Amino acid sequence: MEAERLIATGRHALAESRTALDIVAEAWQAQVLAQAIGSHLVLCGPLELRSEARGLSEIGGGRGPTDQPVVRGGLPRAAQLTEVGDERAALTALGALLGEVGIALVGVACATDEEGLYWQCIEAIDATDEAGDRVRGMLRRLTLRERGRPPDPARGRAGPRPGGR
């Protein structure tokens with residue numbers, strides 16, 4: 001399934017989540033989807049995205065199977081990912097999903113009295129924030145490519161224009 005469609009499904013599922021555990025499960029789904037999109041872009045994406053994409057694919061990689069919420073239907077949605085047709089559109093939508101997940105997790109963390117759930121949310125917020133940073137980095141690199149300016153690898157942004165302009 002195409003990335004944008006999976007992201008839209010995730011945004012809808014997050015919006016429909018009614019319990020703290022549903023929100024945490026959707027946050028996990030979003031994180032796994034972000035990792036899958038990162039992995040796909042490492043293999044098939046533009047060369048200038050591969051470094052950030054590799055970082056995205058590795059975020060939250062230390063989680064064990066017991067840390068993962070139960071997924072209805074058995075597999076994470078990300079297992080259905082087959083393509084990232086339009087990198088910019090997919091990354092923009094993924095950034096929006098990650099932002100919504102972060103906001104939802106803050107709400108759960110603020111509302112819970114359960115210490116374990118609180119810390120799980122805090123860790124998920126950190127991972128979501130890091131993933132969002134990677135997505136924004138890739139979007140900047142796409143913008144630079146479209147403008148015809150190569151990124152300065154030492155600084156991760158556009159270098160000076162030829163002729164000093």
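**Helix packing in a predicted model**

Me: Of the 165 residues in the protein, what percentage is buried?
Reply: The structure is a predicted model. A residue is taken as buried when its relative accessible area is under 20%. Among the 165 residues of the protein, the buried share is 44%.

Me: In what order do the elements of the protein run from the N terminus on?
Reply: The protein has 5 helices and 2 strands. Read from the N terminus on, the order of these elements is α-α-α-α-α-β-β.

Me: Among contacts in the protein with a separation of 6 or more, what percentage is accounted for by residues 24 or more positions apart?
Reply: Contact here requires heavy atoms within 4.5 Å. Of the contacts in the protein with a separation of 6 or more, residues 24 or more positions apart account for 73%.

Me: Which residues of α2 make the contact with α1?
Reply: α1 passes α2 in a left-handed crossing. From α1, the contact draws on Ala3, Leu6, Ile7, Gly10, Ala13 and Leu14. By class, the contact of α1 with α2 has 8 nonpolar, 1 polar and 1 charged residues. On the α2 side, the contact is made by Ile23, Glu26, Leu33 and Ile37.

Me: Is Glu4 buried, partly exposed or exposed?
Reply: Glu4 is found in helix α1. Its relative accessible area is 32%. Buried would require a value under 20%, and exposed a value over 50%. Glu4 is therefore partly exposed.

Me: How many charged residues does the contact of α2 with α5 have?
Reply: α2 passes α5 in a left-handed crossing. The contact is made by Ala20, Val24, Gln31 and Leu41 of α2 and by Leu117, Gln120, Cys121, Ala127, Thr128, Ala131 and Met138 of α5. By class, these are 8 nonpolar, 3 polar and, for charged residues, none.

Me: How many nonpolar residues are in the contact of α4 with α5?
Reply: The crossing of α4 and α5 is left-handed. The residues of the contact include 6 polar and 3 charged. The nonpolar residues of this contact number 19.

Me: Which elements cover the buried residues of α3?
Reply: In helix α3 (residues 50-58), the buried residues are Glu52, Ala53, Gly55, Leu56 and Ser57. The helix is followed by Gly60, whose phi is positive, near 75 degrees. What covers the buried residues of α3 includes α2, α4 and α5.

Me: Which residues does Ala53 touch, not counting those up to four places away in sequence?
Reply: Ala53 lies in helix α3 and, at 0% relative accessibility, counts as buried. Ala53 and Val42 are 11 residues apart in sequence and 5.6 Å apart in space, C-alpha to C-alpha. The residues that Ala53 touches are Gly38, Leu41, Val42 and Met138.

Me: Which element gives the most to the largest nonpolar core?
Reply: This core has 44 residues, and those with the most contacts inside it are Ile37, Leu56, Leu91, Leu94 and Leu105. Of these, Leu56 is in contact with residues including Ala34, Leu94, Ala131, Val135 and Met138, neighbours within four places in sequence left aside. The elements that give two or more residues to the core are α1, α2, α3, α4 and α5. With 12 residues, the element that gives the most is α2.

How values were computed
Residues numbered from 1 in each chain as written. Predicted model: local features only at pLDDT ≥ 70, side-chain atom pairs only at ≥ 80, totals over all residues. Heavy atoms only, no water. Left-handed = near helix turned anticlockwise from the far one by under 90°. Helix = DSSP H or I, 4+ residues; strand = E, 2+ residues; numbered from the N terminus. Nonpolar A, V, L, I, M, F, W, Y, C, P; charged D, E, K, R; others polar. Buried < 20%, exposed > 50% of the residue type's maximum accessible area, 1.4 Å probe, protein only. Core = buried A, V, L, I, M, F, W, Y, C linked by side-chain atoms within 4.5 Å.
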